[in-house]
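Work through the exercises below with the sequence and the 3D view side by side. Try each task before reading its solution.

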Amino acid sequence: MYLYLLIYPYDGHHGNTRVCEIPYPNQIFAMKRILAQISVSLAHSIRDLTPIVAVIAVFQLLVLKQPIPNLLEMLWGLLLVLLGLTFFIQGLKLGLFPIGESLAWNFAEKGSLPWLLIFAFALGFGTTIAEPALIAVANETAMVAAMGGWIENQPQAQQHYAHGLRVTVALSVGCAVVIGVLRILLGWPIQYLIIFGYLGVVLATAFAPPEIIGIAYDSGGVTTSTITVPLVASLGIGLASSIEGRNPVTDGFGMIALASLTPMMFVMVYGALL
Amino acid sequence: MTAYLQSLWSTLLSTLTDVLPIILILVGFQAFVLRRRIANLPKVVLGFLLVVLGLTLFLEGLDHALFPIGKLMAQQLTTPEFLGLAGEDSVRKWQDFIWVYGFAFTIGFASSIAEPSVMAVALKASEISGGTIQPGGLRVAVALGAALGITLGAFRIISGIPIQHFIIPGYILVLIQTWLAPRGIIALAYDSGGVTTSTVTVPLVTALGLGLSSHIPGRSPMVDGFGLIALTCLFPIMTVLGYAQLGHWRVRRANRSRKTLENP
């Protein structure tokens, strides 16, 4: 009844398998189709959570053998995580991904260079600001920083710190996407950019205060997640396939690698300036 | 109950401001730069509403589930009673925390072996390599990398060695491997690092690190608590490049021995 066609064999992150459905004229069918898609997303979220819950359960029952305080609250929280992830991913598929991808392909195909670069930066920045894992980790970091006396122990100071961290990371991802676009246009090999990136990280580490280094290194891995990966990858793949002599597979990727390098440098600079 | 609803409401409001930039960017570019109408507007609006609702529930759930679970595990795995050590002040060595490493390894392996994006990357890589890389083997390589990364990260937190002493040598090793590895696999190998850390794993692993560093005497969460994610991203790059290299060598050796058989 529902025909799903996989557009991309490579799928950036869990559950983001881009599908293109055969449109149904009937409104009821459309609603039914959305409900069916939600149940598929729910199945994906369950598949994502199951291994983690299973490992924790095994360790709790067989190794630790200690009671879990607030078990009910935790189960309720898990249910919220499950539902939240399902709605979030389904919403991305209905709204953000189709628009983002068609924009990415359009700009890649014929956009003027300045607009392409502005779009690349905006895409990297906007997707990173909305990235769930980054929001969560930034808030947690602000709490730790406040408890450790690194910043003032006040909600406002914490919010300010978490916000600053996220904007820094988002700026860095925006820059990474711009560099990635230039790389594909000019045909720079990815290895050299990575080597320069690593050197930059090593250099920044030498000057950064020790309290920021761990967070900076982690922020690289946190950013490349649910929203950023599919949209940024589709810009890369679209660009590589629209330029003669570029291979979408080997040239389209690598943007994610850049997007996990620049946040480390930017966050260390942020920490040094703070 | 009212306090709970209030926290839900404030999460909803802050989520709106989080999602607003990307909506403005996409709609703005669509309307003012490309000057096109948005196809299927009701569907797109429903999508945005679901994103805001989903993100709110997810962040609310994290505070009640994944963050507390990660911290609880860290705390229970490091109590003196569980470690079988007498008083609080008895000296603890890094070998005493064997179950912490066990937990870190299992959680890293389990969460990445079934990750759909890892499977997708594995299939793609086997296609590029022309059969020298098996998708199953590559998935194990990625999962092993993630597991080793978290385990080493836990060891680092327990021993208090600065994170850069692991990351910088790791980079050097990756650069050497990049130089040796088959060209086509490089970009995919780099991307496989970021792919393992999903939206669910990141908060749990972060909480584990912060929990460990706050329960082990002499460690501070700010200096020692982070770095698990970074190592989880770095190690799969190494294991994937290593695995590709291994397949490459194996094929070369098979070809060479065939040649010596043909013209002895």
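**Exercise 1.** Find how helix 3 (residues 66-78) of chain B and helix 5 (residues 98-113) of chain B pack.

Solution. The model is predicted: local features need pLDDT of at least 70, side-chain atom pairs count only at pLDDT 80 or more, and totals for chains, interfaces and linings use all residues. Residues are numbered from 1 along each chain as written, and chains are lettered from A and ligands numbered from 1 in the order written.

Step 1. Helices are DSSP runs of H or I with at least four residues, strands runs of E with at least two, numbered from the N terminus.

Step 2. The axes, lines fitted to C-alpha atoms over the stretch in contact, are 9 Å apart and form an angle of about 150°.

Step 3. Angles over 145 degrees count as roughly antiparallel, so helix 3 and helix 5 of chain B are roughly antiparallel to each other.

**Exercise 2.** Which residues meet between helix 3 and helix 5 of chain B?

Solution. Step 1. Contact requires C-beta atoms, placed from the backbone, within 7 Å.

Step 2. From helix 3 come B:Met73, B:Leu77 and B:Thr78; from helix 5 come B:Trp99, B:Val100 and B:Phe103.

Step 3. By class, this contact has 5 nonpolar residues (Ala, Val, Leu, Ile, Met, Phe, Trp, Tyr, Cys, Pro), no charged ones (Asp, Glu, Lys, Arg) and 1 polar (the others, Gly among them).

**Exercise 3.** Describe the contact between chain A and chain B.

Solution. Step 1. Chain B supplies 89 residues and chain A 88 residues.

Step 2. On the chain B side, helix 2 (residues 41-64) gives the most, with 19 residues.

Step 3. That side divides into 61 nonpolar, 22 polar and 6 charged residues.

Conventions: Contact = placed C-beta atoms within 7 Å. Axes fitted to C-alpha atoms, helices over the stretch in contact; angles between N-to-C directions. Parallel < 35°, antiparallel > 145°, perpendicular 65-115°, else oblique.
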